[in-house]
Amino acid sequence: MLAVDHIHKEFGSARAVSDVSFEVPDGSTFGLIGPNGAGKTTTMRMTLGILTPDGGTIAWNGQRVDGRMRRRFGYLPEERGLYGKMKVRHQIAFFGRLHGLAGRDVAGQTNLWIERLGLAQYADRPCAELSKGNQQKVQVACAALHRPELLILDEPFAGLDPVNAQNLLEILDDLRAHGTTLVLSSHQMWQLEDLCDRFCIIVGGENRRSGTLAELRAAWPTRVLRVAPGSSAVRGLLDRIDGARFVGSTDGRIEYEIPAATALPQVLRSLVDTDAVTTFEAVEPSLQDIYLRAIDAAA
Amino acid sequence: MIGDFLTVFTAEFGRRIRSRPFQIGVLLGVLGILAFTKLPLLLANAFGEAGSSIVLAGDRELVERAKPLLERDFTVAAVESGARAPALADLKAHGAASWVTLQSDSHGGMRFDMYSSDSQSSTAKSIAGDLTSLNIAVATSLPRQRVHDLLRVPYTVHALSSRFSSSRDATKAWSVSYLLLLVLYMLILINGQLLMASVVEEKTSRIAELLVASISPIPLLYGKIAAAVAAGLIQMVCWILAGVLFGGGGSHAGAASDVPDFSGLLGGSVSALEAIAFVVLFVLGLLQYAMLFAAVGSLINRTEDLGSVSLPIVLPIIAGLLISMSALQMPDSNWAVTASFVPLLSPFVLFARIAMSQIPVWQVALGFAINFATVYFVAMLAGKLYRVGMLLYGRPPSLSQVWNVLRT
């Protein structure tokens, strides 16, 4: 398990990360979310042992993370980089060796990842000659070749077309199935919502929300209630709920924001008694809603 | 740590050896040494042959006496009677470059007129030099051999501190040391700057973050530096082999006595200890400068800045070369002795002194100790800067920020 405990980091007078804590269980996928400059990359760098926290601790399976442990981790940074003149095969093998693979393992894993990522026809070409998407595949191979215990991916889907994004999703699923713990950041909330088990929202270097999606939703103060028909009788009943607020209407349906603690079965019973209700839907907040609210609260 | 170092070393060394700048550098170096050692001789021979054939004419007695003197440096193609001015066709008819007419002058001596297809003042000067003893003999009626002997003041040089038994040996050693110092200068400069370019390339291509996420920056830095040193050693071997193969032209230069003599590379002028000292000082010097180049390179983000930030490191290299050149002439001067103990200058100056003087053992030991200590000190500073610099993007750090990093 990755345990990040009250870490903070300053660069000169600038505070990059302040009192951030979260835990990532083994084999799970963790989403680190936040706007640009929120401190996500600094948190990732500290987790990898590239930067040392000014305070707090980061532990992997009970051991404090340090520079020696980084060989067991994998990292795909936001800013991609490759040796342009080095051939694809040599590049992947080089990073395999840096992560401790040796002898036949290097060649075997290199060939395996080249095949897996559909890079066979480019294997003996310099990386600079590849398209951006294919370069990204090479970088994924460099980061995951050694079957890391913990793989940290900073914006892994940026620059990928839908087909390659799907391909990457499958690779991440496979890695997780083989026991790799994943920590990733992305601005594509819908992708994270599908992919991650737990989340941490960082704003201004501070931890705003963290937990599973269910826990984040549980902490959300309201729900959106979608009802049809939007007759005056129905609206009159909904208006009488404490804290309810009319949001709008579309296609004969009306939407109300109601307190999360409202007893929905009772509301439904009352509505059915009032009119011939054809639609009654309580909409859970999406990760995007939770994220935007967290940013608004911080502003 | 060792595994990481070897992985980086192997990859970096392979990249360096396969890189176009390295291969071009080796080739240009070999061609440069070829030109440096052979060109003066070729030019001298070419000009010498063109101007070496002459026709003698004029006063018969003077011509008879002058002919053996001139035949030391020239081929006398023909002897003509009379003192007429020849035409160009006359020169061509004899295949000669010059027509020299000898005559008695009004003061009892002699004079000559030279008619040449190309007005080579050096040929006339050479003829005048060859005929000086004859001129005095004619004017004073002394035997020419007596005049010849009088013109040569006998002397012996008794060197009190030099390690060379003759001035010829000293000149030979100077030539070889001069060449080796140039090789040292070029190798340190080229390999240091190539390393710096490699570090900047890793930063600009953003692969640096991936590298330091995989291994500690220290084996990364030292692996790269070791690869630069190994590549430099290969270049050095190629260049010195070129010097050995092409050197030695001066010993049979014939007409070109001013041509540098590099035959000492084959033996005699460079002892085994000097060769070892050269290699060790090359490695120590390259280590010092390579680490500085790499550390400074890690602080910048644009290849356009390479020139400006490398200048402060290039300056001591140039200073080291210039001081070592003067140390070749005066290896025991206070200036040379002091400079041989100054970090960064020492690799150049200490070698010049070792090559040209019998310097005390304690000075050699102190010089090497200072160089080893400099490597250690620079390695620590470079490690600190590199560790921080590799993740530094955006505006380059100010001097005060660099100082803060070095103090931590």
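Q: At roughly what angle do the axes of helix α11 and helix α13 of chain B cross?
A: In this predicted model, helix α11 spans residues 306-329 of chain B and helix α13 spans residues 346-356 of chain B. Their axes come within 8 Å, and the crossing angle is roughly 15°.

Q: Are α11(B) and α13(B) roughly parallel or roughly antiparallel to each other?
A: The axes of the two helices cross at roughly 15°. Angles under 35 degrees count as roughly parallel. The two helices, α11(B) and α13(B), are therefore roughly parallel.

Q: Is the crossing of α11(B) and α13(B) left-handed or right-handed?
A: The crossing concerns axes that come within 8 Å. For α11(B) and α13(B), its sense is right-handed.

Q: How many residues of the contact of α11(B) with α13(B) are nonpolar?
A: From α11(B), the contact is made by B:G320, B:L321, B:I323, B:S324, B:A327 and B:L328. From α13(B), it is made by B:P347, B:F348, B:V349, B:F351, B:A352, B:R353 and B:M356. Of these residues, 1 is charged and 2 are polar, and the number that are nonpolar is 10.

Q: Which helix gives the most to the side of chain A that touches chain B?
A: Between the chains, 19 residues of chain A are in contact with 16 residues of chain B. The side belonging to chain A divides into 11 nonpolar, 4 polar and 4 charged residues. The greatest share, 4 residues, comes from residues 88-98 of chain A, that is, helix α2.

Q: Which strands stand at the edges of the open sheet of 4 strands in chain A?
A: The order of the strands is β12-β13-β11-β14, with antiparallel pairing. Neighbouring strands are turned by 20° against each other on average, direction ignored. An edge strand has a single partner, so one side of it is left without a neighbour in the sheet. The strands in this position are β12 (245-250) and β14 (279-283) of chain A.

Q: Which residue of β13(A) does A:L225 stand opposite?
A: Strand β11 (residues 222-228) and strand β13 (residues 253-259) of chain A pair in the antiparallel sense over 6 bridges. Opposite A:L225, the residue in β13(A) is A:Y256.

How values were computed: Residues are numbered from 1 along each chain as its sequence is written. Chains are lettered from A and ligands numbered from 1 in the order in which they are written. This is a predicted model: local features need pLDDT of at least 70, side-chain atom pairs count only at pLDDT 80 or more; totals for chains, interfaces and linings use all residues. Axes are lines fitted to C-alpha atoms, for helices over the stretch in contact, and angles run from 0 to 180 degrees between N-to-C directions. Angles under 35 degrees count as roughly parallel, over 145 as roughly antiparallel, 65 to 115 as roughly perpendicular and the rest as oblique. A crossing is left-handed if the near helix is turned anticlockwise from the far one by less than a right angle, and right-handed if clockwise. Two residues are in contact if their C-beta atoms, placed from the backbone, lie within 7 Å. Ala, Val, Leu, Ile, Met, Phe, Trp, Tyr, Cys and Pro count as nonpolar, Asp, Glu, Lys and Arg as charged, and the others, Gly among them, as polar. Two strands pair if DSSP finds at least two bridges between them.
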